Amino acid sequence: MSAALAAGQLVEAVGVLPAAIPSPPQHTWYLGPFPIRAYALAILAGIGVALWLTRRRWVERGGEADDVLEIAFWAVPFGIVGGRLYHVFSTPDPYWGPGGDPVRALYVWEGGLGIWGAVALGAVGAYIGCRRQRVSFPAFADALAPGLLLAQAVGRLGNWFNQELFGAPTTLPWGLRVDDSVAAAAGYPPGTLFHPTFLYEMIWNIGAALLLIYLDRRFRLGHGRVFWLYVFVYTLGRVWIEMLRIDEAELVLGLRLNVWTSIVVGVGALLAFIVVGRRHPGREETVSLDVPDEAPTAGSEEPVEESTDDEDAEKHEDSDDSEESEQADAARPDPGR
């Protein structure tokens, strides 16, 4: 087969492929009466990936592998609650606006976890866990940072299944195709393609995780600097991705609240990275908070042994002096002779 013919067949094959990313036809399956939701599975899978990578990195830093599960016991619930609170705060209309239902604020399985609330309150839980395990919180945050990015990347698959948080219309060949009802609810005609912002963030987060791992190994970062670098790199991507989205959100001075949050948090993270680097260059020598055992005190057995040796030496010197004195007396003439 000639090269020209092969190229022609390849073009034909590509030509029949749909120039769009289809959305999954289903986001919930039922095991008897129990629903199994893709969004929940994506979140759980992301947590699993984060735990796997964090355990490896934590052990490399000198920690115990079991510490990660103990700390996650506190961090994960705190993070889920914080993420939901931030989402409800930043998008209040479906819950507190006209026609809203406040009870739906508890429906986490429907989607809606704000990353900033998840990181902020999750950090509180992680701090509690680190104190209980007697390990350094900044060191643990450094070990966690790349895994946190991978967890966010996997979690974005839930948005794909739910057909939510997509971007503005696009004619690019990787545009996202959603159900006609979803497009109509967004105010666009059926067949409209949208920017797959879930995919953009997945790619960005995976690339950022690999970058953090490389920089951490290359420069031996520590004292929380890997975590601050995570925040800075993530916010860089979040700003332009957030600008593409068309879902409902609170606007502040014409910009979405999440855009302002990303800018403020990103600048703060960069400053923290610089300040911590100047105060604590390099990496921690230990991740443990326990103080090492002190040297033996004066009342220990070792000084007593030294004292005994000194006494023996003094006795030996006294004995030598006594022998020399007796020899001198013997050599001296006896006046009675």
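Let me begin with Trp 204, which has 29% relative accessibility and therefore counts as partly exposed; in this classification, buried is under 20% relative accessible area, exposed is over 50%, and partly exposed lies in between, with a 1.4 Å probe and protein chains only. Trp 240 also counts as partly exposed, because its relative accessibility is 36%.

The model is a predicted one, in which local features need pLDDT of at least 70 and side-chain atom pairs count only at pLDDT 80 or more, while totals for chains, interfaces and linings use all residues. Residues are numbered from 1 along each chain as its sequence is written, and side-chain values use heavy atoms, leaving out hydrogens and water.

I turn now to the aromatic pairs. Rings of Phe, Tyr and Trp (its six-membered ring) pair if their centres lie within 6.5 Å; planes under 30 degrees apart count as stacked, over 60 as edge-to-face, and the rest as tilted. How many aromatic pairs does this rule give? The count comes to 14.

One of them joins Tyr 127 and Phe 137: the ring centres are 5.6 Å apart and the planes stand at 85 degrees, so this pair is edge-to-face. Tyr 127 belongs to helix α5 (residues 115-133) and Phe 137 to helix α6 (residues 137-162), ten residues apart, and the pair links distant parts of the chain. Helices here are DSSP runs of H or I with at least four residues, strands are runs of E with at least two, and both are numbered from the N terminus. Tyr 127 is partly exposed at 41% relative accessibility, and Phe 137 is partly exposed at 27%.

Trp 204 and Trp 240 bring us back to the opening. Their ring centres lie 6.1 Å apart with planes at 70 degrees, so this pair is edge-to-face. Helix α8 (residues 197-219) carries Trp 204 and helix α9 (residues 225-244) carries Trp 240, 36 residues apart.

There is also an aromatic cluster, formed by Trp 116, Phe 227, Trp 228, Tyr 230 and Tyr 234.

Next, charges over rings, meaning NZ of Lys or CZ of Arg within 6 Å of the ring centre and within 35 degrees of the ring normal. The charged end of Arg 218 sits over the ring of Phe 219, 4.9 Å from its centre. For Arg 225, the ring is that of Phe 273, and the distance to its centre is 5.7 Å.

Finally, Phe 34. Which strand holds Phe 34? Phe 34 lies in strand β3, and at 59% relative accessibility this residue counts as exposed. Thank you.
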